[in-house]
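Hi,

Here is the structure I promised to pass on.

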Amino acid sequence: MLLALGRENIGMAGGAYDVDDAEELARLVTADLQSVNGDRHLRLKHHAAPVSPKQGAATRDAMRRDFDSSLGGAPRVQLLDGGVAVVELAPMLFPLEWAAEPLSAALTLVSRAQALIVDLRANRGGDPDTVAFVCSYLLDERTHLNTMYWHGGEHSEQSWSLPHVPGARFGGSKPLYVLSSDSTFSAAEELAYDLQQLGRAVVVGEPTRGGAHPCQGWTLHPHLEATVPVGRAINPVSHTNWEGTGVQPDIPCAAADSLNHAHALALARLAG
């Protein structure tokens, strides 16, 4: 592919680029790809730090840095008035081998709340296994959450909540709200969508970004990684997904106002 960028042409032969700004290159190539395909997982990603040439290593290394600086992906647990708890899951749903301990601690801590708000407004995705792990704390029984159909139609893989979890469950009966924004993406969208389709949670906020296709990454340059969709998610209730449309909130409002809205809804339901 050649892109005409004003007076500059970007050539990819031999892995060399005729531009100095790799970040700008990534932005322009991503915009060009998505203008044709529309899939927000199809990207050329820029990494400020040099990345490994090993497949998937660029994204994983970046995730690890975020994990270490975000209390393992649960940077905020708070008790609001009326026994309503908030747990923020951000900036990602990290691989379960890293995140199981901090997520279990956070979700166990809020298990005694009368109502729970899960804040996904700043969550940009992550691991489907971690989605299932979080859902397991918010349901009472083992439940089919999602099915992933991989490229080529060779096989599919079902995702279920777990029959047992470390720590205590919040459970499947107390009021549950999920906050969303136009930055909520990928696996975070799956978490909101799964709970919404099951009738377990009320989604409050903005429509999400709309990325339902899992992807893999290939390093093309020390600072550039191509991510390519390799499958699609199908929900067992809706028989479709949120690709291109985003998760539509049950209670639409500005993301900045969604916490107050959800808190008010929770208090009203508890009072009733």
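This is a predicted model: local features need pLDDT of at least 70, side-chain atom pairs count only at pLDDT 80 or more; totals for chains, interfaces and linings use all residues.

Residues are numbered from 1 along each chain as its sequence is written, and side-chain values use heavy atoms, with hydrogens and water left out.

Salt bridges first. Side chains of opposite charge can pair when their charged atoms come close. Searching the whole structure gives six salt bridges (a side-chain nitrogen of Lys or Arg within 4 Å of a carboxyl oxygen of Asp or Glu).

One of them links E24 to R27, at 2.6 Å from N to O. Both residues sit in helix 1 (residues 22–37), three residues apart, or about one turn of the helix. (Helices are DSSP runs of H or I with at least four residues, strands are runs of E with at least two, and both are numbered from the N terminus.) E24 is partly exposed at 32% relative accessibility, and R27 is also partly exposed, at 47%. For these labels, buried means under 20% relative accessible area, exposed over 50%, and partly exposed in between, with a 1.4 Å probe and protein chains only.

Another salt bridge joins R76 and E88, whose closest N and O atoms are 3.5 Å apart. R76 belongs to strand 4 (residues 76–80) and E88 to strand 5 (residues 84–88), so this pair ties together parts that are twelve residues apart in sequence. R76 is partly exposed at 22%, whereas E88 is buried at 17%. R121 and D119 also form a salt bridge, with 2.8 Å between the closest N and O atoms, and D119 is buried at 3% relative accessibility. Through shared partners, salt bridges join R76, E88, D119 and R121 into one network.

Three strands make an open, antiparallel sheet in the order 8-7-13 (two strands pair if DSSP finds at least two bridges between them). Strand 8 (156–160) and strand 13 (231–234) are the edges, each pairing on one side only. Strand 7 (residues 144–150) pairs with strand 13 over four bridges, and W150 stands opposite G231 there.

Finally, have a look at W218, which lies in strand 11 (residues 215–221) and is partly exposed at 33% relative accessibility.

Cheers
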